[in-house]
Amino acid sequence: MAAGNLLVDNDAILESSKLTTKHRKALEHVKCREAEAQKQVERIRKLYATGKPMYPRSAMLDAARQIKLGSPKITIRGWDDDVQEYEYLMPHERKDSRQRWRPILYWEPFQNMVKECLLMGHTPRPLKICYHSDSPHGTPEPTATIEELKETFKMRASAWRETAMAHKLRSQLQAMSTLPTKIVGFGLGSPSHSMLYDDGTKDDAPVCGIFAQHAAVVMIAEILKQKNGKAPVVLCQDPAYTENDKELLESNGIMTIESPMGFLEVDQSSVVITVSPNVPVKQIIADDRDFWPAALICNKIYSAEHEAKMYKRRDAYFTDPNGDRVRNMVQEAYSHCLLPSSNEFGGLPIEVYTRKVNALI
Ligand SMILES: C[S@@+](CC[C@H](N)C(=O)[O-])C[C@H]1O[C@@H](n2cnc3c(N)ncnc32)[C@H](O)[C@@H]1O
């Protein structure tokens, strides 16, 4: 999309004889910047088409290591080999310690890089650092005890396992011709936070699907154990997990893993499950074909044409948007099956993508 399509028609304005010299110069300057942004977009589109990973594992690992060590400066080698440096602390935090901010890794979806380029003239960077507050205003601390969590999980898991969605998922995975040995879940949410009403009081019958989504992980683990004769490695990554969540999940055979280490675990022997995550999981997974998973269970990946019709607003914002690499991955290497709808998965269409045997490396 041309920059001029997003902004005002500067050519038409420049043709107006009523413009003062000052305004004419300002507009010419804007036009130059638009042309520069357009060049940047063409450059990143070309880079994108080459398949060069936007989120290289080595860069993720290196950034995670620097964050863990508390390095005062965090450096990230960019997509086009420029090196970007970030401060560990947000500049204002050195003076004002009331609010705690910490650096976290941030993945920019390709669509957003294009928009940033056109609208703000920023140099596009897919992997960067942003700052997260550990004490967001107004988010109440969960109060459910570990016993309440375990009881709720048991109840909701057994209800979900009887749904048409669970039956279809089971049969799809049982029919897989590959034998995955690992499950990696992303952004399935915090069970204990889901037991709170917005005002912070406890919800004794939470309807949100966070319990069901983790129950799906447990069910997949059982299926893989039956198929392989050996229990799979089961990992889930969500920065929202509390200590009680970790204990609950562990008691159900799920190990929690810190962001971004889960992404480094995904490979041909893995089943990945993710539902409406706040990070572009599908783009991260599709980024490097050497690590495409054995199966992917996620929100349905529509064709670009279908999506354009569904979301007419050009600036519609998604945290886990699809893109050409995601679509190419599933078209080239996966069979897919739509699961019966379930409110527990946001009521959104969820599909199982299973790797075709002839598409394995
Ligand atoms: C919109 S919620 C969806 C939760 C749940 N899947 C559901 O359907 O209700 C998005 C989730 O993504 C999680 N998330 C944010 N950053 C993440 C990261 N780096 N890795 C994995 N999950 C992340 C959030 O903590 C949150 O639980």
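**Helix α4 and beyond**

Reply: In α4, the buried residues are Met60, Ala63 and Ile67. Down the helix axis these buried residues of α4 sit within an arc of 70°, so they line one face of the helix. Keep in mind that this is a predicted model.

Me: Which exposed residues are on the face of α4 turned away from its buried side?

Reply: That face carries Ser58, Arg65, Lys68 and Leu69. As a general point, an α-helix has 3.6 residues a turn, so residues three or four places apart point the same way.

Me: And what covers the buried residues of α4?

Reply: The cover includes the strands β1 (73-77), β3 (101-107) and β4 (127-133), plus helix α11 (261-265).

Me: What span should α4 have at 1.5 Å a residue?

Reply: α4 has 13 residues, 57-69, so it should span 18 Å, and its end C-alpha atoms are 18 Å apart, which agrees. Just after α4 comes Gly70, with a positive phi of about 70°.

Me: Now α9. Which of its residues are buried?

Reply: The buried ones in α9 are Ile210, Phe211, Ala212, Gln213, His214, Ala215, Ala216, Val217, Ile220, Ala221, Ile223 and Leu224. α9 runs over residues 210-228, and those 19 residues should span 27 Å at 1.5 Å a residue; the end C-alpha atoms are 27 Å apart, which agrees.

Me: What does Pro191 touch, leaving out residues up to four places away in sequence?

Reply: Pro191 touches Leu149, Phe153, Ile210, Phe211, His214, Asp245 and Leu248. Ile210, Phe211 and His214 are among the buried residues of α9. Pro191 itself belongs to helix α8, residues 191-194.

Me: Why does Pro191 count as buried?

Reply: Because it has 28 other C-beta atoms within 10 Å, and 20 or more is the cut-off for buried. Also, the C-alpha atoms of Pro191 and Gln213 are separated by 9.9 Å, with the two residues 22 apart along the chain.

Me: How about Gln84: where is it?

Reply: Gln84 is in strand β2, residues 83-87. Gln84 is partly exposed, with 14 other C-beta atoms within 10 Å. Setting aside neighbours within four places in sequence, Gln84 is in contact with Thr75, Ile76, Gly78, Arg125 and Lys128.

Me: Let's switch to sheets. What's the strand order in the seven-stranded one?

Reply: The order is β7-β6-β5-β8-β9-β11-β10, in an open sheet with mixed pairing. β7 (255-256) and β10 stand at the edges with a single partner strand each, so one side of each is left without a neighbour in the sheet.

Me: Is β11 paired parallel or antiparallel with β9?

Reply: Antiparallel, over five bridges, with β9 being residues 295-299. One of the bridge pairs puts Ala295 with Thr354 in β11. β10 (residues 334-338) and β11 also pair in the antiparallel sense over five bridges, and there Leu338 stands opposite Glu351.

Me: How many residues of β11 are buried?

Reply: Five of its six, so to speak a mostly covered strand at residues 350-355.

Me: And which way do β5 and β6 run, parallel or antiparallel?

Reply: They run parallel, with five bridges joining β5 (residues 182-186) to β6 (residues 233-237). Lys182 has Val233 in β6 as its bridge partner.

Me: Ligand next. Which residues are closest to it?

Reply: Gly187, Gly189, Ala240, Ser259 and Asn278 are the closest, out of 19 residues that surround the ligand. That shell divides into nine nonpolar, nine polar and one charged residue.

Me: Last bit, the whole chain. How many helices and strands?

Reply: The protein chain has 14 helices and 11 strands. Of its 361 residues, 33% count as buried. Among contacts with a separation of 6 or more, 71% come from residues 24 or more positions apart.

Technical notes: Residues are numbered from 1 along each chain as its sequence is written. This is a predicted model: local features need pLDDT of at least 70, side-chain atom pairs count only at pLDDT 80 or more; totals for chains, interfaces and linings use all residues. A residue is near a molecule or strand if its C-beta atom, placed from the backbone, lies within 6 Å of it. Ala, Val, Leu, Ile, Met, Phe, Trp, Tyr, Cys and Pro count as nonpolar, Asp, Glu, Lys and Arg as charged, and the others, Gly among them, as polar. A residue is buried if 20 or more other C-beta atoms lie within 10 Å of its own, exposed if 12 or fewer, and partly exposed in between; C-beta atoms are placed from the backbone. Helices (H or I, at least four residues) and strands (E, at least two) are DSSP runs, numbered from the N terminus. Two strands pair if DSSP finds at least two bridges between them. Two residues are in contact if their C-beta atoms, placed from the backbone, lie within 7 Å. The expected span of a helix is 1.5 Å times one less than its number of residues. The arc is that of the directions from the helix axis to the C-beta atoms.
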